[in-house]
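Dear colleague,

I am passing on the structure below, together with some notes on what was found in it. Please read the notes with the sequence and the model open beside you.

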Amino acid sequence: DRRLIAMKTVEGDSMVKSLTDAAYVPADRGAPPWLGNLLASLVAKTLPEGIEFARYSIDYHYLRNQLYVQERMGETRAARHVPSYAKALMQRYASEMERLGAAASAASAATGAPASRSL
């Protein structure tokens, strides 16, 4: 099921973390090249292949971009800019996105920092 891996990818995305967790501070440097190459080869073995990879990639990017658009434009204005096919795709992830929003709210409450946005 690509939904699980798509949501895990969204949850781990640094842009999403910066949108959902006010306390998140990205690292100033990436992993060393040898470690990046090792991780890339391991991840490549766990991801779907072929058409299923394309579907996973589309799901992930729509979900991430929806969060970004909502953050920048607000819920109402963003809703006018998101096409119906993207809304239909994202509807399948509604409960997972709610959970992501709840986790972001809990994390910001624990740190005392306000959440940068609610999902």
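Leaving aside its neighbours within four places in sequence, which residues is Q66 in contact with? They are V82 and M90, where contact means heavy atoms within 4.5 Å.

Before the rest, a word on the basis of these notes. This is a predicted model, in which local features need pLDDT of at least 70 and side-chain atom pairs count only at pLDDT 80 or more, whereas totals for chains, interfaces and linings use all residues. Residues are numbered from 1 along each chain as its sequence is written, and side-chain values use heavy atoms, with hydrogens and water left out.

Among contacts between residues at least 6 apart in sequence, 77% join residues at least 24 apart.

After α4 comes G74, whose phi is positive, near 90°.

Two other helices meet α4. The axes of helix α1 (residues 2-12) and α4 come within 9 Å and cross at roughly 40°, axes being lines fitted to C-alpha atoms, for helices over the stretch in contact, with angles running from 0 to 180 degrees between N-to-C directions. That angle makes α1 oblique to α4, given that angles under 35 degrees count as roughly parallel, over 145 as roughly antiparallel, 65 to 115 as roughly perpendicular and the rest as oblique. On the α1 side the contact is made by R2, I5, A6, M7, T9 and V10, and on the α4 side by E52, R55, Y56, D59, Y60, L63 and L67. By class, these residues divide into eight nonpolar, one polar and four charged, where Ala, Val, Leu, Ile, Met, Phe, Trp, Tyr, Cys and Pro count as nonpolar, Asp, Glu, Lys and Arg as charged, and the others, Gly among them, as polar.

With helix α6 (residues 84-91), the axes come within 10 Å and cross at roughly 100°, and α4 and α6 are therefore roughly perpendicular to each other. Here I58, D59, Y62, L63 and Q66 in α4 meet Y85, A86, L89 and M90 in α6, a contact with seven nonpolar, one polar and one charged residues.

Two single residues may also interest you. F53, in α4, counts as partly exposed because its relative accessibility is 34%, and its C-alpha atom is separated by 8.3 Å from that of R2, 51 residues apart along the chain. D13 is buried, with a relative accessible area of 12%, and touches Y60 and R64, not counting residues up to four places away in sequence.

Definitions and conventions. Helices (H or I, at least four residues) and strands (E, at least two) are DSSP runs, numbered from the N terminus. Buried means under 20% relative accessible area, exposed over 50%, partly exposed in between (1.4 Å probe, protein chains only).
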